[in-house]
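Subject: Structure handover

Hello,

Here is the structure you asked about. Please open it first, then read the notes below.

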Amino acid sequence: MKIYEKAPAKINLSLDILRKRDDGYHEVEMIMTMVDLSDRLEMSELSRDTIIITSQAGYIPLDEKNLAFQAARLIKEKYDVKKGVYIHLDKKIPVSAGLAGGSSDAAAALRGLNRLWKLNIPVSDLKKMAEELGSDVPFCIEGGTALATGRGEILEKLSSPPQCWVILAKPPINVSTADVYSRVDVRNIKKHPSTEVLKDAIENKDFQEICQSLGNVLEDVTMPMYPQVKQLKDVMHRLGAEGVLMSGSGPTVFGLVSKQSKVNKIYNGLRGFCNHVYVVRILT
Ligand SMILES: C[C@@](CO)(OP(=O)(O)O)[C@H](O)COP(=O)(O)OP(=O)(O)OC[C@H]1O[C@@H](n2ccc(N)nc2=O)[C@H](O)[C@@H]1O
Ligand SMILES: Nc1ncnc2c1ncn2[C@@H]1O[C@H](COP(=O)(O)OP(=O)(O)O)[C@@H](O)[C@H]1O
């Protein structure tokens, strides 16, 4: 039997850091939503007790460092599955981009293997397993739009933002999440985003208020390291995007656009600036 599972990218509409914890993680408050730029996982059962990962993307690890491999190993151990699996990752989400591609692949592997091996694991238990794989993986299990707290694993479901176009642009640099967090000076965060205001704006489907309330404290770490990210934000604003923000630890910048008539102009303008530009929608 062969099954397919989609693994969509996420963007952070807000990202705030409250404090650094004793375990080294940061206590965050962030609103995340999924967009329709997705990897696709093809999974088939192997009678031999082994995990094999392949991908057309030449730039990700295919061994136990791959998050989909780790997901398969975890579910096999926890549920004592003696069968093997072959997972092909059709990568579309750029890597180390702040779009949680690896985390979403891990979540898709958990969902898919639950189906493939007919394990009937409830979503709450999938999310518990997801926590062991990474802070963003629990959100990627159910997706949608959510307020994430703790280190990212405590989730409150929100309604979807109003439909709009999301333009993603990734400059040709890869950013390490661990490196960015390690440089945060928690006592000197200049401006915390107004998470509550953003949350209300989403509930009220108030597009203009959403655009005004976007905020990400990691911009002040990543942008001085990579000035291209700030330049990209400025270009997006100039081209007419109504709300512009860096996603996660970066370097991807997204722009929210309400009018289709603006989308082509922004897309074409950005293509002159960087190779990786995508026009996507928020997944409801
Ligand atoms: C910044 C965010 C925002 O959504 O996304 P990305 O930019 O990676 O997409 C997330 O917080 C990233 O989550 P994720 O990529 O799953 O992080 P993990 O693998 O759990 O952690 C990688 C490293 O980041 C740091 N880390 C992560 C999460 C957190 N709340 N505090 C931290 O300090 C830790 O140093 C950890 O070792
Ligand atoms: N399935 C996967 N897809 C992408 N990257 C992966 C995967 N498994 C492990 N990685 C590794 O995880 C790291 C972060 O990848 P990614 O999830 O794309 O970053 P981000 O969360 O910043 O978007 C990279 O160093 C990459 O090599």
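Start with the shell around ligand 1. By class, this shell has seven nonpolar, 11 polar and two charged residues. The classes work as follows: Ala, Val, Leu, Ile, Met, Phe, Trp, Tyr, Cys and Pro count as nonpolar, Asp, Glu, Lys and Arg as charged, and the others, Gly among them, as polar.

Some ground rules. This is a predicted model, in which local features need pLDDT of at least 70, side-chain atom pairs count only at pLDDT 80 or more, and totals for chains, interfaces and linings use all residues. Residues are numbered from 1 along each chain as its sequence is written, while chains are lettered from A and ligands numbered from 1 in the order in which they are written.

**Ligand 1**

The shell around ligand 1 holds 20 residues, and Gly-134, Ser-135, Asp-136, Gly-248 and Ser-249 come nearest. A residue is near a molecule if its C-beta atom, placed from the backbone, lies within 6 Å of it. Two or more residues of this shell come from each of β1 (2-20), β2 (26-46) and α5 (177-182). Helices (H or I, at least four residues) and strands (E, at least two) are DSSP runs, numbered from the N terminus. Ligand 1 lies between domain 1 (2-157) and domain 2 (159-281), because both give residues to its shell. The domain bounds come from an automatic or database domain assignment.

**Ligand 2**

Ligand 2 is surrounded by 20 residues, with Leu-67, Val-95, Gly-101, Gly-102 and Asp-105 the closest. At least two residues each come from α1 (67-78) and α2 (101-116). Helix α2 gives the most, with four residues. This shell divides into nine nonpolar, nine polar and two charged residues. Domain 1 and domain 2 both contribute to the shell around ligand 2, so ligand 2 lies between them.

**What the UniProt record says**

The unreviewed UniProt entry places "domain: GHMP kinase N-terminal" at residues 66-144. Over residues 66-144 the chain is 57% helix and 9% strand. The end C-alpha atoms of that stretch are 24 Å apart. UniProt positions are given in the numbering used here, feature names are shortened, and annotations may be inferred rather than shown by experiment.

**Two residues from that site**

Is Ser-96 buried or partly exposed? Ser-96 is partly exposed, with 19 other C-beta atoms within 10 Å. A residue is buried at 20 or more other C-beta atoms within 10 Å of its own, exposed at 12 or fewer, and partly exposed in between, with C-beta atoms placed from the backbone. Ser-96 sits in the loop between β4 (84-90) and α2. Leaving aside neighbours within four places in sequence, Ser-96 is in contact with Asn-174, Val-175 and Ser-176. Contact means C-beta atoms, placed from the backbone, within 7 Å.

Gly-101 lies in helix α2. Gly-101 counts as buried, with 27 C-beta neighbours inside 10 Å. Not counting residues up to four places away in sequence, Gly-101 touches Ala-9, Asp-39, Ile-93, Pro-94 and Val-95.

**Between the domains**

The centres of domain 1 and domain 2, taken over C-alpha atoms, are 23 Å apart. Contacts link 26 residues of domain 1 with 36 residues of domain 2. On the domain 1 side, β1 gives the most, with nine residues. That side divides into 13 nonpolar, eight polar and five charged residues.

Best wishes

How values were computed
Two residues are in contact if their C-beta atoms, placed from the backbone, lie within 7 Å.
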